[in-house]
Amino acid sequence: MTTTTAAYDVVIIGAGPVGENIADRVVRGGLTAAIVERELVGGECSYWACMPTKALLRSAAALRAARRLPGAREAVTGSLDAAAVLRRRDSFASDWQDNGQAAWLEQVGVPLYRGHGRIAADRVVEVTTGEDDSALSLTARHAVVVATGSGALVPDVAGLREAAPWTSREAVAATAVPGRLAVIGGGVVASEMATAYAGLGASVTVLARDGVLPAAEPFAGEYVAEALREAGAEVRVGDEAAAVKRAADGTVSITLATGEQIEADELLVAVGRTPNTEDIGLEAVGLTPGAWLAVDDTMRVVGEDGAPVGGGWLYAAGDVNHRVLLTHQGKYQARAVGDVIVARAKGEAVHDGPWGRHAATADARAVPQVVFTEPEIASVGLTAAAAEAAGLRTRVVDHDLAAVAGAALQADGYRGRARMVVDEDRKVIVGFTLVGPDVAELLHAATVAVAGEVPLDRLWHAVPAFPTVSEVWLRLLEVYGR
């Protein structure tokens with residue numbers, strides 16, 4: 001085997017949004033960086049998650065919005081054009097070509113090495129393409145960053161793997177809408193894809209063993225389950241698949257724990273994620289292949305004793321560290337880790353205390369998330385249950401979102417709810433949840449309030465414009481009391 005070598009200040013394994021942002025921050029800070037990618041530059045979010053997923057959902061959401069308004073309702077004729085939706089989805093996935101994102105890396109001065117990256121020794125990453133006998137050895141002067149993300153978890157259900165089920169990737173990239181789609185899972189991916197395919201005309205059955213959106217406020221899952229049923233989907237809370245079999249004609253049979261059988265044309269498994277660390281050389285630094293990577297608040301990988309692995313040159317950002325499995329939060333981590341690597345390389349001060357420039361404090365206190373179901377779920381910070389479990393003395397304030405004037409203008413029959421969770425000792429909001437059509441764009445105000453720990457007394461002076469749905473802030477404060 002022929003091996004060539006190259007050296008950079010930082011070597012990043014994984015060119016998804018997280019890896020790209022790390023490289024950008026490192027180069028902006030005056031260091032050199034190289035990035036290794038075995039699939040497409042842009043990663044899961046660009047081709048099999050965030051962007052194409054929302055493209056699948058948007059057309060049906062727009063159609064529902066039009067049908068809720070007299071005048072617009074009468075102008076709508078026909079049903080959703082599924083083929084047109086899939087074509088638009090393809091465009092948002094760049095037809096699964098990464099030329100544009102690879103060109104961006106070249107533009108900012110970050111060499112791209114296509115192939116499989118493995119840690120071979122301290123600060124050394126070997127890259128193999130599988131095309132010939134050659135290999136490349138990249139040495140990092142300061143840091144190696146693992147940003148390999150996560151993959152879909154397929155549980156050990158009898159016959160499941162042999163039945164070739166869809167995971168999130170196949171569901172997002174499907175070229176046709178199945179007549180019948182069964183979904184195992186009730187979390188974000190399961191709920192969004194059930195919403196998307198019900199809107200595209202499939203007959204959907206959801207097997208939500210632990211409920212719909214179990215990590216959210218309970219009322220959020222109730223709204224989504226009700227909407228799915230209204231869209232014609234069957235939502236079976238508590239049901240669990242015990243065995244799966246695909247027949248010669250392609251039909252999938254799911255045997256439930258109760259013995260009942262369900263048939264579908266395709267089966268989507270969406271029950272969680274697993275780290276992409278199985279074959280990246282973790283054993284070379286004393287870590288377990290296939291495991292999540294524990295990190296400190298600067299994303300430096302630490303061992304069981306909490307000490308930096310290998311003296312502190314190894315970092316992990318994004319899904320792979322299991323802090324928060326969301327693209328925007330991974331990019332937030334990327335900005336912190338890129339900047340801290342530069343600071344450490346130059347001997348500059350490291351600000352790793354709570355809310356410091358080099359610490360990803362928001363991972364624990366102010367994570368925003370939108371679930372693009374019908375209705376949308378927008379939340380930030382802690383649920384009421386999580387706040388209580390954290391030992392906070394809280395007060396929970398709810399308000400009917402439909403009672404706000406702006407919501408009545410938004411749509412006839414608007415249904416929704418808002419909740420704020422207040423830390424009574426500090427008089428600041430620690431959690432906020434909105435449920436309703438188009439609430440995603442309302443979330444950032446809540447994120448600012450939670451991350452900024454804005455006192456309720458000051459929030460009274462943040463006057464919401466009338467008549468907007470944002471007036472719910474005033475209503476919640478009125479319920480809380482001045």
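This is a predicted model: local features need pLDDT of at least 70, side-chain atom pairs count only at pLDDT 80 or more; totals for chains, interfaces and linings use all residues.
**Entry 1: strand E20**

I began with E20, residues 417-423, and looked up burial. Six of its seven residues are buried, so I noted the strand as largely enclosed by the rest of the structure. Next I looked up its partners. Strand E19 (residues 394-400) runs antiparallel to E20, with seven bridges joining them. One pair I wrote down there is Thr 394 with Asp 423 of E20 as its bridge partner. Strand E21 (residues 428-436) is also antiparallel to E20, and again I found seven bridges. Here Val 422 stands opposite Ile 429 of E21.

I then checked the turn. The hairpin of E20 and E21 has four residues between the strands, and Lys 427 takes a positive phi near 55° in it.

**Entry 2: second largest pocket**

I looked up the volume of the second largest pocket and got about 480 Å³. Which residues are closest to its centre? Out of 23 lining residues, they are Arg 64, Arg 68, Ala 227, Ala 231 and Glu 374. Helices H3 (50-67), H8 (188-199) and H9 (218-230) are the elements that give two or more residues to the lining. H9 has the largest share, at five residues. I also sorted the lining of this pocket by class: 12 residues are nonpolar, seven are charged and four are polar.

A reminder to myself: in soluble globular proteins, nonpolar side chains tend to be buried together. So I went looking for the cores. The largest nonpolar core has 52 residues, and those touching the most other members are Ile 12, Ile 22, Leu 314 and Ile 341. Several elements supply at least two residues each to this core, including strand E1 (3-13), helix H1 (17-28), strand E16 (314-316) and helix H10 (327-346). Strand E6 (135-146) is also on that list, and its seven residues are the largest share of the core.

What does Leu 314 touch, leaving out residues up to four places away in sequence? I got Ile 119, Val 144, Val 146, Val 285, Leu 287, Met 299, Arg 300, Val 301 and Val 309.

There is a second, separate core too, with 36 residues, and Ala 190, Leu 200, Val 204 and Ala 225 are among them.

How values were computed: Residues are numbered from 1 along each chain as its sequence is written. Side-chain values use heavy atoms; hydrogens and water are left out. Buried means under 20% relative accessible area, exposed over 50%, partly exposed in between (1.4 Å probe, protein chains only). Two strands pair if DSSP finds at least two bridges between them. On a 1 Å grid over the protein atoms alone, a cavity is a set of points where a 1.4 Å probe fits but cannot get out, and a pocket is an open set with protein on both sides within 12 Å along at least five of seven lines; lining residues have an atom within 4 Å of a point. Grid points are joined across faces, edges and corners, and a volume is the space filled by probe spheres set on the points. Ala, Val, Leu, Ile, Met, Phe, Trp, Tyr, Cys and Pro count as nonpolar, Asp, Glu, Lys and Arg as charged, and the others, Gly among them, as polar. A nonpolar core is a set of buried Ala, Val, Leu, Ile, Met, Phe, Trp, Tyr and Cys residues joined through side-chain atoms within 4.5 Å. Contact means heavy atoms within 4.5 Å.
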